[in-house]
Amino acid sequence: MSRVDSRFVWVVACLLLASTAASAHEARPAYLEIKEIAPGQFSVLWRTPVLAGMRLPIVLKLPDDVKNLREPNVQELSDSFVERRWIDAGPTGLAGKRIEFPGLQLTITDVLVRVELLDGRKWTAIIHPSQPWVEIAASQTWLGVAGTYIVQGVRHILFGADHMLFVLGLLLIVKDRWMLLKTVTGFTVAHSITLAIATLGYAEVPVLPLNAAIALSILFLGPEIVRSWRGETSFTIRHPWVVAFAFGLLHGFGFASALTSAGLPRHELPLALVSFNVGVEFGQLGFIALILALERSFRILEVRWPRWAQLLPGYTVGSLGAFWTVQRVALLFGGSR
Amino acid sequence: MKSTSRFHLPLYAFIVLAFVMCALPVDAHLYSTGMGPFYDGLMHFLISPEDIVPVLALALLAGLRGASYGRRALFTLPVAWLFGGLAGLSAMTTRPHPFIAAAWFLMLGGLLAADAKVSLRVTTALAALLGVYHGYLDGAGMGQFETASVGLLGLVFAIFVLIALAAAFVVRLRADWARIAVRVAGSWIAASGLLMLGWAVRTR
């Protein structure tokens with residue numbers, strides 16, 4: 001395979017922009033945990049993420065026949081808004097009842113719902129804005145839980161314009177099939193390592209500096225792409241897999257923040273971690289396959305791009321990296337959005 | 001005389017189109033993925049048979065004719081769809097005519113099945129007509145959403161990708177049986193059009 005032809009990718013890059021310009025890691029899911037503490041009685045943990053002092057406008061609406069056992073406890077943390085409630089759902093419990101999330105449809109985030117019943121049954125679901133409510137099922141298999149997190153991983157990649165743009169930048173530098181394999185593998189191994197480390201609680205990176213560093217990794221690729229077009233060489237151009245591995249470590253922390261910011265229960269972490277990572281890989285490989293297939297299609301159709309279109313991808317990657325870097329550093333130091 | 005009429009073909013096509021679009025009110029929707037308007041628009045295209053099937057048929061037809069035809073369809077159809085969509089955004093009261101949807105299936109499926117030797121000009125006209133008509137309908141249906149223009153971009157992106165992949169796939173086909181298989185797909189599309197037409201007549 002010849003190097004991935006950069007001349008077409010501007011289309012993808014521009015449309016990526018249109019899709020999710022500056023929203024990459026900022027769409028952390030809200031989290032609802034419901035634990036049965038006595039027959040028909042539940043403790044409820046409702047956490048909505050807060051970014052730059054702004055709380056997501058999602059409201060938790062429990063079924064009408066639910067009564068509070070005691071006064072709710074509300075806590076405002078730096079990164080989230082946490083509400084604890086203790087409720088009585090009557091003798092039939094919550095099975096088959098509907099919990100609504102008014103306001104979710106106005107956002108682009110999800111709600112992760114986890115239910116634990118007294119008899120040990122567990123149930124997990126991700127609620128999307130397209131259907132801002134959930135009906136509590138009676139039971140769920142581990143396969144169902146895994147499926148939920150796989151979907152979450154795929155969605156995170158599809159929604160994370162910064163991850164996709166970084167991968168796109170790498171594809172523009174990579175020159176042959178073997179190097180592509182090494183680079184993709186390097187990125188995958190690296191982000192899997194830090195995703196696991198962070199998710200299992202062995203390391204923690206604050207979200208704001210992390211996002212700024214991820215933006216910086218994209219900015220870093222811009223000049224390298226231009227250098228590669230000019231026929232110049234550099235360490236990154238000769239060994240893109242090393243750069244993919246190094247920055248992949250950063251991106252893994254980013255993936256982890258999407259998974260752990262919801263405050264997942266620890267005993268579910270291994271399954272969630274593996275499934276989420278599988279989902280991330282599906283999303284990432286799907287994106288790479290799409291780029292390669294498009295590039296091949298353009299060659300078969302003998303598409304000849306004008307000069308400005310040839311230059312656009314590198315400048316798009318670099319410019320967006322610069323924009324996100326400035327934006328996120330401003331956020332980091334308390335600037336307004 | 002012949003060359004003059006060929007020259008005016010796109011013009012005639014757009015006049016017909018203008019009449020068709022003014023004819024009736026429309027109803028459409030934007031599929032909600034929960035991932036933002038770009039993906040909503042993209043998904044809207046992928047789950048709308050009345051959109052995706054004619055585009056696929058045109059891409060396959062262009063692919064059968066060769067790389068230059070595929071290239072022409074690749075750039076004409078998405079651009080026409082975008083312009084049609086932008087025009088449709090401000091028109092929220094149009095209804096797709098069931099006969100016309102069936103006609104697209106019949107015509108493009110029929111041309112594909114027959115491996116018709118359409119000229120590059122006709123291919124361009126078909127792509128422009130299809131793009132403006134369906135884009136207008138999509139735009140009209142999406143106009144009620146504030147982020148419809150971004151949704152439209154997602155939709156156009158999906159069209160661009162589909163044409164690129166499908167046309168390139170067919171251009172590469174050399175074996176007779178493979179090209180016949182593509183034509184068989186055309187016959188199915190035409191047959192679907194016939195069914196749609198029958199249904200439209202029956203429920204009219």
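**Close-up views of a two-chain predicted model**

**View 1. Strand β8 of chain A has side chains going both ways.** Val111(A), Val113(A) and Val115(A) point one way from β8(A), while Leu112(A), Arg114(A) and Glu116(A) point the other way, and all of them are buried. Keep in mind as you look around that this is a predicted model. The strand covers residues 111-116 of chain A and is mostly covered, with six of its six residues buried.

**View 2. β8(A) and its strand partners.** Which strand runs parallel to β8(A)? That's strand β1 (residues 30-38) of chain A, joined to β8(A) by six bridges. To find your place, look for Ala30(A), whose bridge partner in β8(A) is Val111(A). Strand β9 (residues 122-127) of chain A is also joined to β8(A) by six bridges, but this pair runs antiparallel. Here a handy landmark is Val115(A), which stands opposite Trp123(A) in β9(A).

**View 3. Where chain B touches chain A.** Here 23 residues of chain B are in contact with 22 residues of chain A. On chain B's side, the elements that give two or more residues are α3 (37-46), α5 (67-89) and α8 of chain B. Which of them gives the most? It's α8(B), with eleven residues. Sort the residues on this side of chain B by type and you get 15 nonpolar, six polar and two charged.

**View 4. Helix α8 of chain A meets helix α8 of chain B.** Two packed helices are described by the angle between their axes and the distance between the axes. In this pair, α8(A) (residues 269-300) and α8(B) (residues 148-171) have axes that come within 9 Å and cross at roughly 55°. That angle is why α8(A) counts as oblique to α8(B). The crossing of α8(A) past α8(B) is left-handed. From α8(A), the contact is made by Ala293(A), Leu294(A), Arg296(A), Ser297(A), Phe298(A) and Ile300(A). From α8(B) come Val161(B), Ala164(B), Leu165(B), Ala168(B) and Val171(B). Taken together, the residues of this contact are nine nonpolar, one polar and one charged.

**View 5. A look around Ile237 of chain A.** Ile237(A) lies in helix α6 (residues 235-238) of chain A. Is Ile237(A) buried, exposed or partly exposed? Ile237(A) counts as partly exposed because it has 18 C-beta neighbours inside 10 Å. Leaving aside neighbours within four places in sequence, Ile237(A) is in contact with Ile173(A), Glu224(A), Arg227(A) and Ser228(A). Take Glu224(A): Ile237(A) is 13 residues apart from it along the chain, and their C-alpha atoms are separated by 7.0 Å.

Technical notes. Residues numbered from 1 in each chain as written. Chains lettered and ligands numbered in written order. Predicted model: local features only at pLDDT ≥ 70, side-chain atom pairs only at ≥ 80, totals over all residues. Axes fitted to C-alpha atoms, helices over the stretch in contact; angles between N-to-C directions. Helix = DSSP H or I, 4+ residues; strand = E, 2+ residues; numbered from the N terminus. Parallel < 35°, antiparallel > 145°, perpendicular 65-115°, else oblique. Left-handed = near helix turned anticlockwise from the far one by under 90°. Contact = placed C-beta atoms within 7 Å. Nonpolar A, V, L, I, M, F, W, Y, C, P; charged D, E, K, R; others polar. Buried ≥ 20, exposed ≤ 12 C-beta atoms within 10 Å, placed from the backbone. Pairing = 2+ DSSP bridges.
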